[in-house]
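Work through the two exercises below slowly, with the structure open beside the text, and try each task before reading its solution.

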Number of protein chains: 2
Amino acid sequence: MKLNEAFRSLPPNYLFADISKRVGEYQAKNPQAELIRMGIGDVTRPLGPSVVEAFLQGAREQGDPQRFHGYGPEQGYGFLRQAIRGYYASFGVSLAEEDIFVSDGAKSDVGNILDLFGKDNTVLIPDPVYPVYQDTNCMDSRRIVFLNATWENSFLPMPPQEEKADLIYLCSPNNPTGAAYTREQLKEWVDFANRQGAVILFDAAYEAFIQQAEIPRSIFEIEGAETCAIEFCSLSKTAGFTGTRCGYTVVPAALVRDGMSLRQMWLRRQTTKFNGVSYPVQRAAAAVFSPQGQRECRENLKVYQDNARLISQTLAGLGIPFAGGLNSPYLWMRCPFGMDSWTFFQELLTGANLVGTPGSGFGKNGESYLRLTSFNTKEATAEAMRRLRAWMGSRR
Amino acid sequence: MKLNEAFRSLPPNYLFADISKRVGEYQAKNPQAELIRMGIGDVTRPLGPSVVEAFLQGAREQGDPQRFHGYGPEQGYGFLRQAIRGYYASFGVSLAEEDIFVSDGAKSDVGNILDLFGKDNTVLIPDPVYPVYQDTNCMDSRRIVFLNATWENSFLPMPPQEEKADLIYLCSPNNPTGAAYTREQLKEWVDFANRQGAVILFDAAYEAFIQQAEIPRSIFEIEGAETCAIEFCSLSKTAGFTGTRCGYTVVPAALVRDGMSLRQMWLRRQTTKFNGVSYPVQRAAAAVFSPQGQRECRENLKVYQDNARLISQTLAGLGIPFAGGLNSPYLWMRCPFGMDSWTFFQELLTGANLVGTPGSGFGKNGESYLRLTSFNTKEATAEAMRRLRAWMGSRR
């Protein structure tokens, strides 16, 4: 019996599990410490009232023999796909309902999409970035070429003209740097992918945070993307669904390679290895896209945006270089005093009871950076910034 | 860019999508026809009241800033894994909490587990069986050897002594035949797998239907299974979760190959490509395993068991050979008058407005059989049996 040997070359622990272990150990030794978590990208605001109401209604139907829902369409109910279609139309993108695949979250789809591709492909992955892109391709033993995202290119790497690419991961607004591609920059990527016959795997999980008009919400705002891109999106950050679980993936009909429709392939993959999202969750998700649901989401987003502004002002006031925070819930700060990522993580944990995410966990270019998130409460964020200022003061 | 070429050799449509299309076309042409669906294995009984109550409670928490749940453990909440552990203990199987992985359904896990195995393995798959085993291995281009399940071996193939096996799929009680392995038969499979170093992928989705004491509920009732088996189970049929979505997979710590722990590999796979099950769904699932939840499940199961008995009696009265229906919601009937599966399917659809599942959709040995399920209501099942008797009478 042969195992997938690629698992041997994976790092033994997933970044957030590693952080969680270190924080748990510290908390066990210091039970009185009141930690503030500015690390893992989890939200704190609850679902909006109209979303909860739709969720409850859906759950009640599951107890009613007349209105009970069994197996639903693997691709998602029409009512939710129509709602997502309307959401895209609101920023000028026209999709067919058949292009939209509802899932239990973008992380699942970003991983599972690789079932569609051969092993013998060259994969371009920004560094630093969400570790799942690298880990899932390592599991399949694909050749990875990293794209350097550094202070010098504003953390927005552009197409490497010398490299033959097959699969290209782009995450904009970016996790962890918060950097976001402009329309013109994405157009360069789309043209590059179309010239090479490559496929862009576009992670739009943070699109709801975009505030500037020149930053596209979807890669499908770019001409030509429908022949080279798959987009992953999520209700996790948009609507607080991190624990409720719903996302969606867009695969356009025009995305064809070697005579095979990738939309058809993904449909086959999902009908074979997936059985659809919980009906009440889909009801809740559809409510997110109603006018009232959108108002509730904007109220929650405003809390996070205000937090991001406070963190930005604090870092600027302390003279700490950083990126992000404007079109993104993430702030990517340079570690002070020449510390490396894990040293600064540990210092902040023990010295200020603050939990960040070590930048080196996102790739080699992440070394000497720390990721902070704006997802905590207003009060906790304000207290965290007080502690950061005090800690910085004590070290000068 | 290279696609996964194996997709070209997959049958273009998934069985149930194919049936759904034919039924839809018939219904469109005959809008007055009152079809009775005895085909797809979907339940009709709603969730039990205590399960709905827990579901509602969980959904309400998602709207409460103090009790909101964001990202949960990828492997499932402790409260649910403890409940599943207690369920296994009720039939004498002792599991560690770490052995249990909660997911959105057994179909996802049965497909995704293949990420752990190399392509160069020989896979034993019963014929007929749930098409997902074959389709998912086809996507990975593994060598498949089919095990003939026929009338002669009571649809329970035993280990082929001449064959070197790496992965072995067993589904007991079986979908579609309803046949279930005894303790002694499973012991032969476990010994065979341990001798060869093979891994048994045991699908226990229908264990709640087992009525006979000599049929094990779990492969882990068999001595030695902990070094050779992974078990998939689901709340879909046990508790009506087909549209609510929750299942679980058991990977014992003792399952090690070439120095690698499969439990550790599956944890790595799930933490990388999955983000856990919706919190309110996990609350609902935990309620299933409470004493009250189990009573509610048994009431629903009794409806299906009574239906299965009625179908059995009808088939017996009509002199139609069949299997299943005792420890299973499925009845596997021989097509009458020498018809093949799709001919009989079409005849029943147009002549009696009954929808079954053509046996040939489950493998070549399924030809000339049709699968009926006991999952409809009592009234619809009784009416279906009246129609079947009338149709048979009209053809004699």
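For the comparison of the two chains, copies are superposed by least squares on the C-alpha atoms of residues with pLDDT of at least 70 in both. The model is a predicted one.

**Exercise 1.** Determine which rotation and which shift superpose chain B on chain A, and then describe the surface through which the copies meet.

*Solution.* Two copies of a chain are related by a rotation about an axis and a shift along it. Here, chain B is superposed on chain A by a rotation of 180° with 0.0 Å of shift along its axis, at an RMSD of 0.0 Å. This is the relation of a two-fold axis. In chain B, the C-alpha nearest that axis belongs to B:Leu56, which is 2.9 Å from it.

**Exercise 2.** Decide whether A:Pro49 is buried, partly exposed or exposed, and find what it touches.

*Solution.* First, locate A:Pro49 in helix α2 of chain A, which covers residues 49–61. Next, count its C-beta neighbours inside 10 Å: there are 13, so A:Pro49 counts as partly exposed. Finally, leaving aside residues up to four places away in sequence, A:Pro49 touches A:Glu296 and, in the other chain, B:Gly63.

Notes
Residues are numbered from 1 along each chain as its sequence is written. Chains are lettered from A and ligands numbered from 1 in the order in which they are written. This is a predicted model: local features need pLDDT of at least 70, side-chain atom pairs count only at pLDDT 80 or more; totals for chains, interfaces and linings use all residues. Helices (H or I, at least four residues) and strands (E, at least two) are DSSP runs, numbered from the N terminus. A residue is buried if 20 or more other C-beta atoms lie within 10 Å of its own, exposed if 12 or fewer, and partly exposed in between; C-beta atoms are placed from the backbone. Two residues are in contact if their C-beta atoms, placed from the backbone, lie within 7 Å.
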